[in-house]
Amino acid sequence: MNPYMYIYALSVAILHRPDCKEIPLPAFAEVLPDKFMDKSVFVRLREEANLVDEGSRVPFEISKDYSASDLDEEHRVAYFREDIGVNLHHWHWHLVYPTDSPSNIVNKDRRGELFYYMHQQILARYNVERLCNKLMRTRKFNNLREPMPEAYFSKLDNVNSSKTWPARFKNATLSDVNRDNDGLRFELADLDRWRDRILEAIHTGSVSTPRGERIPLTEEKGIDILGNLMESSNLSINRKLYGELHNFGHVAISFCHDPDNRYLVNN
């Protein structure tokens, strides 16, 4: 059994079942700490745990520079990107707002609007952190075939597969994803089409349903509709036309090291 899938399913059930309201949900970092810290931390923890004399155990700090050095200017804001609290918030978001579940769980009030607001707020705070560290604001990633200058070496290990999370090297580029073992197959051209269709909906102030009807993006409901299109969940008005730009965008970046699984890198 996949432990990550089991913990996700159990957590979603606890959060949404009325008879589980009194059950406390432990922080994800406490359940699977390997998602947040490299294995050297656990080696040191075991060493300290083996000390039995009173007062012999000493606390230790986890360096904020474990994934890179200041030779990389982008590392100045790694403390924000790697912050445990920020990443726990992201995990908790997906527990509260699963994308494909019974409608009474997915269809929460103003879900699409809150999806937009959450991402806008995180990006705004991230840009403030960048400016405080003498870095430029984030640039738009308009051309999906443009090399990504920022590299990243997480130093984390996947305990489930006993493999290290692969790195994203400097100037990596995105490619079509063809990983049948993971049930993933799409082209970058799909992302381009979905983006253009969403932009067309914004510019015209309406979206198209599968039956060809046009639904206006009103001041009251427009951002909610767009958020559900962008994510997208099963609340999308027309998932076939507008696709899954947000979800598959994440997938394309996460598999840029091995998009067609030729090197059998499954992380």
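Me: How far apart are N and O where the side chains of Asp-192 and Arg-195 meet in a salt bridge?
Reply: This is a predicted model. Here the side chains of Asp-192 and Arg-195 come together at 3.5 Å, N to O. That falls under the cut-off, because a salt bridge needs a side-chain nitrogen of Lys or Arg within 4 Å of a carboxyl oxygen of Asp or Glu.

Me: Where do Asp-192 and Arg-195 lie?
Reply: Both belong to helix α8. They are 3 residues apart, about one turn of the helix.

Me: Is Asp-192 buried or exposed?
Reply: Asp-192 counts as buried, because its relative accessibility is 14%. Arg-195 is partly exposed, with a relative accessible area of 23%.

Me: Which residue forms a salt bridge with Asp-192 at 2.8 Å?
Reply: Arg-145 does; 2.8 Å separates the closest N and O atoms. Arg-145 sits in the loop between α7 and β1, and Asp-192 in helix α8, so the pair ties together parts 47 residues apart in sequence. Arg-145 is partly exposed, at 41% relative accessible area.

Me: Which residues do salt bridges with shared partners join into one network?
Reply: Arg-145, Asp-192, Arg-195 and Asp-196. The search of the whole structure finds 17 salt bridges.

Me: What does the salt bridge of Arg-111 with Glu-231 tie together?
Reply: The closest N and O atoms of Arg-111 and Glu-231 are 3.1 Å apart. Arg-111 lies in helix α7 and Glu-231 in helix α9, so the bridge ties together parts 120 residues apart in sequence. Both residues are buried.

Me: On to rings. What describes a pair of aromatic rings?
Reply: The distance of the centres and the angle of the planes describe such a pair. The count in this model comes to 9 aromatic pairs. One of them joins Trp-93 and Tyr-97: 4.3 Å centre to centre, 35° between the planes, tilted. Trp-93 and Tyr-97 are both buried.

Me: How is the pair of Trp-93 and Phe-115 arranged?
Reply: This pair is tilted too, with 6.4 Å between centres and 45° between planes. It links distant parts of the chain. Trp-93 is in helix α5, Phe-115 in helix α7, 22 residues apart. Trp-93 counts as buried because its relative accessibility is 8%. For Phe-115 the value is 5%, so Phe-115 counts as buried.

Me: Which residues do ring pairs link into a cluster?
Reply: Tyr-8, Phe-28, Phe-36 and Trp-91.

Me: Which ring does the charged end of Lys-35 sit over?
Reply: The ring of Tyr-4, at 4.0 Å from its centre. Lys-108 lies over the face of Tyr-97, 5.7 Å from the ring centre.

Me: How many disulfides are there?
Reply: A disulfide is a covalent bond between the sulfur atoms of two cysteines. The count here is 0. Cys-132 counts as exposed, at 61% relative accessibility. Cys-256 is buried, with 13% relative accessible area.

Me: Which residues make the nonpolar surface patch of about 390 Å²?
Reply: Met-1, Tyr-6 and Leu-10 make it. Tyr-6 is in helix α1. Tyr-6 counts as partly exposed, at 44% relative accessibility.

Technical notes. Residues are numbered from 1 along each chain as its sequence is written. This is a predicted model: local features need pLDDT of at least 70, side-chain atom pairs count only at pLDDT 80 or more; totals for chains, interfaces and linings use all residues. Side-chain values use heavy atoms; hydrogens and water are left out. Rings of Phe, Tyr and Trp (its six-membered ring) pair if their centres lie within 6.5 Å; planes under 30 degrees apart count as stacked, over 60 as edge-to-face and the rest as tilted. Buried means under 20% relative accessible area, exposed over 50%, partly exposed in between (1.4 Å probe, protein chains only). Helices (H or I, at least four residues) and strands (E, at least two) are DSSP runs, numbered from the N terminus. A charge sits over a ring if NZ of Lys or CZ of Arg is within 6 Å of the ring centre and within 35 degrees of the ring normal. A disulfide is a pair of cysteine sulfur atoms within 2.5 Å. Patches are made of residues with over 30% relative accessible area and no salt bridge: like charges are joined within 9 Å, nonpolar side chains (Val, Leu, Ile, Met, Phe, Trp, Tyr) within 5 Å. Accessible areas come from the Shrake-Rupley method with a 1.4 Å probe; for residues, only the protein chains shown count as cover.
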